[in-house]
Amino acid sequence: MKRTISVLAWIAIVIMASAPATAQIGRRFPSERKVINDPKTGVELIFLTSQSGTGDSKIYQTHNQWTSDGKWVIFRSDRVPGEAMAVHEESGDIVQVTEGGFSGMLCVARHSMHLYYMRPVQKAREKSKERSREREMEVVEIDLERLFADSEADNLKKKKHYERICGVIPAEMGAMGDMALDGSETFAYFRLGKQYAGQFPIKEDISGTFGPRNMGAGPSGIGKIDLATGKVDHVVSVHFQVGHIQGNPWHPGEVIFCWETGGKAPQRTWMVNADGTGLRPIYRETEYDWVTHEAVISEDELAFAIIGHRKIGVDEQPADYSKDWGPAGTKAYATGLAVVNMRTREFTLEGQVDGDNFWHVAGSQDGHWVAGDTFARELWLIDRHTKERILLTAGHKTTARDHVHPTFKPDGTAIEIQSAMLSEDGRSMNICVVRLPQHLIERYKNK
């Protein structure tokens, strides 16, 4: 009997030793980096991850992806369930950068080696039987520079040495993880719950749902938290459902957000100042414009897609016309990748793809290039000076609920996407960097 117990104990020790340690921040994973040339275009594709079943996905295309030193890409992954990862663009080294989970958007600072995110406070997470979605949310700052150094030196410490709790958002504010850094990176914006937002004055009549997905109803709003003091404030309440929130990285104190309906909105793009003043629509769309996936691309400019994915029917109405979405979304009217100047309100239609539609958009901050993915999961580049359209890469399978989601590297030399091109199952997405051909990088180098 004693021998049996000893054998079982030894087996347990072996299993524990061979299993992953804990979900410790700073844990390293071997490189999966693979470089290939696109079979159709020859453009260099750098797959920073390439395994199937790891649950990789990039941060949403509205947000910064690279650390301030330009060396690491932050992404979401199920290698350790519920945690975020960083991958070194040159070496391919993968490092876990959160511990204890995160909720919603990962916010990578541009001016410091910091990562910011939300997560439910521990005592809120323990109330598993609580029905209310409202819970206290803490905003966390990660010191990536210290973390990467200790991880490389194999000298990891407990997570308290790398993280700082910036503050706690009270449960009654209804924050749900959709967060964005202000351009100053001294505070962050977050979405407010319906009940809290409704306590503040709203000039417009509260909107009901719009479209067949029963989304878009107000009220909703935006709050902010001071990352140094933890002070929490109300910014604005609006008559509709707030969707994605962005801070303007080049213009502190400016918030860009959308009316989220799950499809065509009555007025998609909005902006407001951090003190709650200056609330206004950005691009004033018509009932024929199906505007989606806006992204701030420079100090003054917002890029977005106007899609024409519905077939034209009788009298230029959509062939599948219904009162749910109205007459929007056909190529009977102007569609394509568009840019609007948020100061002058000047609108430019940069281009459209033949037989398809731009879906998610991005732009280089130097003003030379815009890029967009299509319904066919292709990635196109447009020269903003000549309007030349250039297919960069194609054949990027994704899941039905997710897409290529391009984001420019801050220096304008590459675009990050997510792709299942290399996955054995044809579904598991990986993190991929599409390097612009050298002749395009040099086209406006001295201008």
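Predicted model: local features only at pLDDT ≥ 70, side-chain atom pairs only at ≥ 80, totals over all residues.
In the lining of the largest pocket, the residues divide by class into 10 nonpolar, 13 polar and 9 charged.

Staying with the largest pocket, its space comes to about 1100 Å³, and 32 residues line it. As for secondary structure, at least two lining residues come from each of the strands E8, E16, E20 and E24.

The structure has 1 cavity of 30 Å³ or more, and the largest cavity holds about 400 Å³ of space. It is lined by 29 residues, and those closest to its centre are Thr-62, His-63, Asn-64, Arg-110 and Pro-249. Two or more lining residues are given by each of several strands, namely E8 (103-108), E12 (179-181), E16 (242-247), E20 (291-296), E24 (358-363) and E28 (407-408). Which of these elements gives the most to the lining of the largest cavity? That is E24, with 3 residues. By class, the lining of this cavity has 13 nonpolar, 12 polar and 4 charged residues.

Now for the protein as a whole. It contains 30 strands and 5 helices, and its C-alpha atoms fill a box of roughly 85 × 55 × 45 Å along the principal axes. The radius of gyration is 23 Å, which agrees with the value near 22 Å that a compact globule of 447 residues would have. Of those 447 residues, 56% count as buried, and the accessible surface comes to about 20000 Å², with 50% of it belonging to carbon and sulfur atoms. If we take the contacts between residues at least 6 apart in sequence, 54% of them join residues at least 24 apart.

I would like to close with some individual positions, starting with the backbone. Most residues other than glycine have a negative phi, and most peptide bonds are trans. Against that background, the peptide bond from Gly-218 to Pro-219 is cis, with omega near 0°, and Pro-219 itself belongs to strand E14, which covers residues 217-226.

Asn-214 has a positive phi, near 55°, and is not a glycine. This residue sits in the loop between helix H4 (194-197) and E14. Is Asn-214 buried or exposed? With a relative accessible area of 57%, Asn-214 counts as exposed, because the cut-off for that class is over 50%.

Asp-315 likewise has a positive phi, of about 55°, although it is not a glycine. Its place is in the loop that runs between strand E21 (301-306) and strand E22 (336-341), and Asp-315 is exposed too, at a relative accessible area of 67%.

Lys-160 is exposed, having a relative accessible area of 63%, and, although 16 residues separate Lys-160 from Met-176 in sequence, the distance between them in space is 24 Å from C-alpha to C-alpha.

Key: Residues numbered from 1 in each chain as written. Heavy atoms only, no water. 1 Å grid on protein atoms, 1.4 Å probe; cavity = no way out; pocket = protein on both sides within 12 Å on 5 of 7 lines; lining within 4 Å. Points joined across faces, edges and corners; volume = space filled by probe spheres on them. Helix = DSSP H or I, 4+ residues; strand = E, 2+ residues; numbered from the N terminus. Nonpolar A, V, L, I, M, F, W, Y, C, P; charged D, E, K, R; others polar. Rg over C-alpha atoms; globule rule 2.2 N^0.38 Å. Buried < 20%, exposed > 50% of the residue type's maximum accessible area, 1.4 Å probe, protein only. Contact = heavy atoms within 4.5 Å. Areas by Shrake-Rupley, 256 points an atom, 1.4 Å probe, with all protein chains shown as cover.
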